[in-house]
Each structure stands twice: as C-alpha cells, then as structure tokens.
Number of protein chains: 2
Amino acid sequence: MAERTTSASIGRGETRLFLTDEQLRKGIEAMFFAYRGFTADPDLILADYSYGRAHHRAVHFINRSPGTTVNNLLSILGVTKQSLNRVLRTLVEDGLVEARVGKRDKRERHLHLTARGADLERALSEAQRNRMRVAFRNAGPEAVAGFRAVLEEMMDPDMRRHYLDGTDGSA
Amino acid sequence: MAERTTSASIGRGETRLFLTDEQLRKGIEAMFFAYRGFTADPDLILADYSYGRAHHRAVHFINRSPGTTVNNLLSILGVTKQSLNRVLRTLVEDGLVEARVGKRDKRERHLHLTARGADLERALSEAQRNRMRVAFRNAGPEAVAGFRAVLEEMMDPDMRRHYLDGTDGSA
DNA sequence: TTGGAAAGTCAACAAGGCTGACATAAACTG
DNA sequence: CAGTTTATGTCAGCCTTGTTGACTTTCCAA
C-alpha cells in the first residue's frame with residue numbers, strides 16, 4: 001500500500017517513494033495546516049479594522065502594483081467584480097485607497113494606496129513576513145527553493161503568470 | 001532595498017539573501033496563488049454535490065482518523081461546534097457519515113465514513129493528489145522535502161501537533 | 001448527588017463568495 | 001456618425017461558512 005505511486009518508476013530504476021499516496025496526503029495536510037498559520041497573524045490585525053482577508057488581498061496587490069486597474073486586480077484575485085467592488089468601495093470610503101481616472105483611457109480606474117492605506121499594508125505584511133522569515137530561516141535556503149518550486153508547480157497556469165509578473169528580476 | 005533582512009547575517013558572514021523582504025513577498029504570493037490551485041480541483045467536484053470546502057475538510061479528516069470524536073475534529077479544523085455541526089448534520093442526513101455513540105463514553109460521537117462517504121472522499125482526494133503528484137514530480141524529491149520543511153515551520157504549534165499525529169511512521 | 005464536560009440545537013448575524021440585470025461613459029470600428 | 005464593445009459601478013438576492021450567545025440533554029467522575 002505504501003508504494004502505490006500510479007506511475008511507478010523513472011528511467012534508471014528510481015522508486016519515487018516521495019510520490020506515494022501517503023506522501024501526497026502529507027503534502028495536502030501540510031498545505032491545509034500551513035495556510036492557517038499563514039493567515040493567522042494578519043487576521044488578528046484585520047479584526048481591529050473590522051476588515052477581512054478580501055481587504056488584505058486587495059491592499060496587498062495594490063501595493064505591489066501601484067496604479068493597477070480594477071480589471072487587472074479582478075483577474076489576479078479571481079473573484080467577480082461585484083465582490084471586489086464591495087471591498088474596494090469600503091477601502092476608498094475609508095480613505096485607504098484612491099481610484100484615479102485613467103489619462104489615456106478614462107474608463108479605467110487606477111488604484112493607489114493612500115498614506116493610511118500604506119500604513120495598514122505595512123502592518124499586515126510585516127506580521128505575515130515575520131512568520132515567514134522565521135520559517136525560512138529555520139528551514140534554510142535550500143528548503144526555501146524547494147518550497148517555491150513546488151508551490152509554483154501547483155498553481156494554475158494563469159495564476160503562475162501573475163506570480164511571475166510580480167518578480168523584480170533578482171528573484 | 002533588496003538586502004533589508006532585519007537580522008542581517010549569521011556566524012560566518014552568510015548574507016542570507018533568501019530572507020530579504022522581496023523574497024518573503026514572493027513566498028507570500030506563492031502561498032496565495034498555490035492555495036488556489038490546491039483547492040481548485042476538489043471545488044469542481046464539490047459543486048456537483050452542492051457541498052463546500054467545509055464538507056471536504058470534514059470528510060478528509062474523518063477518513064484519515066476513523067472513529068474520531070466531534071471534539072477532536074473541532075480542534076483539528078479550528079472552527080466552532082455550531083459551524084462544524086451544520087456540516088456534519090448534512091453529511092449524516094445525506095448518508096455519507098455515520099456518528100456512532102461512544103461505548104465507554106456515551107456522550108461522544110465517533111465519526112465514520114459510509115461507503116458513499118468513502119466514495120466522495122476518494123474522488124476528492126484523487127483530484128487533489130493528482131495535481132500534487134504532478135507538482136512533486138516536476139519539482140523533484142529535494143524540492144518536496146524543502147516544501148514540507150517550510151510549511152511545517154509555518155504552522156502554529158497546535159496545528160503542527162495535529163499534522164505530525166497523522167504520520168504513519170514512514171513519513 | 002452534584003458539578004462539569006460533551007454534544008446538540010436554536011437564533012441571529014456578518015463576511016465574502018456567487019448570479020443576473022442594468023446603467024454609464026468611453027473607446028473602438030465599420 | 002452609428003453601432004458595438006469595454007471598463008466600471010450598482011442593485012437585488014442568494015449561498016456557504018464562519019461567528020456569538022443561550023439553552024438543553026446526557027452522563028462521567030469526584
């Protein structure tokens with residue numbers, strides 16, 4: 001039972017024990033439990049603002065790509081415009097996000113964080129980075145490379161595009 | 001900017017470029033985009049049953065630990081009993097889960113999958129494993145070890161306990 | 001025998017997804 | 001210029017899944 005790998009072995013008799021159902025199940029549970037840790041710290045901060053993860057995600061990607069359009073954000077987040085609009089509206093009303101009418105194309109709204117929005121973004125991302133920094137440090141650089149490699153392979157191709165777009169070249 | 005690591009270097013002048021804010025941000029986005037891929041395939045199946053991810057999680061952990069109690073499931077899933085109860089009730093009503101009164105302690109309910117419940121579990125976990133198998137295979141065994149190491153470090157200690165509990169020794 | 005733990009239930013609420021329909025302005029196209 | 005497409009916003013309603021609070025029943029254990 002432990003060796004049911006569906007596609008047993010590669011070229012030179014490699015057994016691929018890391019592809020057993022049991023190993024895959026551990027990977028699945030690792031994703032589940034780790035994602036909870038991943039969101040736990042920002043969630044505490046968000047509760048103070050009575051915001052949710054949807055606000056966090058919007059603020060994160062506006063910070064990453066200042067001046068991004070609503071449509072672009074929509075495709076990154078993978079939600080409907082009604083859902084995103086509800087979040088953006090509260091962020092604009094609360095003065096955390098500014099939606100500037102496009103110069104070339106006046107239909108577009110270019111999104112920017114205000115000073116207060118940048119403050120929230122900093123608080124959220126620092127909390128999240130702190131946990132990840134400890135995890136990275138404890139696991140070491142080679143583990144981090146593996147972590148990134150597996151996660152990248154797990155993404156849908158469209159999402160992988162967005163992921164790689166956000167690279168500054170040195171990554 | 002690229003080298004702001006908060007705790008600059010270790011013993012023998014290691015620069016720790018993998019701990020820059022930019023690298024941490026990539027890790028954060030990797031988690032976000034990969035988790036979407038991770039849930040995408042089961043979500044399609046669940047839609048046919050008009051179930052959600054909460055049902056998937058319950059079915060997964062009942063399958064992993066047959067006879068587990070409601071309280072134990074509660075602490076694994078990290079939700080309120082009211083929230084879990086709603087999900088369990090539908091699963092019991094639909095004949096996917098059986099809740100057996102405890103023999104020693106009759107207050108407890110020991111949860112088991114029925115044959116139909118096991119069918120759904122198989123469909124869901126096969127879909128999820130297929131994606132993970134491809135990701136693991138493309139990334140290779142060393143990357144998988146790193147993936148597991150980083151995720152384990154990212155968990156809250158309580159969750160890590162549950163994660164390690166589910167190990168069959170060979171993992 | 002009594003206190004407290006385990007489980008279940010009811011009610012109310014909120015976040016954040018979804019669909020569908022519709023409005024407006026701007027850009028594009030023939 | 002007329003018609004179509006695109007980008008955005010908005011209203012209404014629905015669902016899942018989380019929450020809190022209050023309460024009951026069952027039953028183990030001191």
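## Fold of chain A

What pattern does chain A follow, read along the sequence? The answer is α-α-β-α-α-β-β-α-α-α, with seven helices and three strands in the chain. Helices here are DSSP runs of H or I with at least four residues, strands are E runs of at least two, and both are numbered from the N terminus. This is a predicted model, where local features need pLDDT of at least 70, side-chain atom pairs count only at pLDDT 80 or more, and totals for chains, interfaces and linings use all residues. Residues are numbered from 1 along each chain as its sequence is written, while chains are lettered from A and ligands numbered from 1 in the order in which they are written.

Of the 171 residues in chain A, 37% are buried. Buried means that 20 or more other C-beta atoms lie within 10 Å of a residue's own; exposed means 12 or fewer, partly exposed is in between, and the C-beta atoms are placed from the backbone. Now take the contacts in chain A with a separation of 6 or more: 46% of them join residues 24 or more positions apart. Two residues are in contact if their C-beta atoms, placed from the backbone, lie within 7 Å.

## How the two chains pair up

The same surface serves both copies, as 100% of the contact residues of chain A recur in chain B.

Between the chains, 56 residues of chain A are in contact with 56 residues of chain B. On the chain A side, α1, α5 (115–139), α6 (141–154) and α7 (157–165) each supply at least two residues. The largest share, 17 residues, comes from α1(A). By class, the side of chain A that touches chain B has 30 nonpolar, eleven polar and 15 charged residues. For these classes, Ala, Val, Leu, Ile, Met, Phe, Trp, Tyr, Cys and Pro count as nonpolar, Asp, Glu, Lys and Arg as charged, and the others, Gly among them, as polar.

## A crossing between chains

Two packed helices are described by the angle between their axes and the distance between the axes. The axes are lines fitted to C-alpha atoms, for helices over the stretch in contact, and angles run from 0 to 180 degrees between N-to-C directions.

Which residues do the meeting? From α1(A) come A:Asp21, A:Leu24, A:Gly27 and A:Ile28, and they meet B:Gln128, B:Arg129, B:Met132, B:Arg133 and B:Phe136 in α5(B). That contact has four nonpolar, two polar and three charged residues.

## Helix α2 of chain B

Inside chain B, the axes of α2(B) and α4(B) come within 10 Å and cross at roughly 75°. That makes α2(B) roughly perpendicular to α4(B). Here B:Ala54, B:His55 and B:Ala58 in α2(B) meet B:Val87, B:Leu88 and B:Leu91 in α4(B). The residues of this contact divide into five nonpolar, one polar and no charged.

B:His56 is also found in α2 of chain B. B:His56 is buried, with 22 other C-beta atoms within 10 Å. Leaving out residues up to four places away in sequence, B:His56 touches B:Pro42, B:Leu46 and B:Leu124.

## Around the DNA strands

DNA strand C is surrounded by 23 residues, and the closest are A:Gly52, A:Ala54, A:Thr80, B:Asn71 and B:Glu108. A residue is near a strand if its C-beta atom, placed from the backbone, lies within 6 Å of it. The surface near DNA strand C gets the most from α4(B), with four residues. By class, this surface near DNA strand C has four nonpolar, ten polar and nine charged residues.

DNA strand D has 25 residues around it, of which A:Asn71, B:Gly52, B:Ala54, B:Thr80 and B:Ser83 come nearest. Elements giving two or more residues to the surface near DNA strand D are α3 (70–77) and α4 of chain A, together with α2 (53–64) and α4 of chain B. The largest share, five residues, comes from α4(A).

Conventions. Angles under 35 degrees count as roughly parallel, over 145 as roughly antiparallel, 65 to 115 as roughly perpendicular and the rest as oblique.
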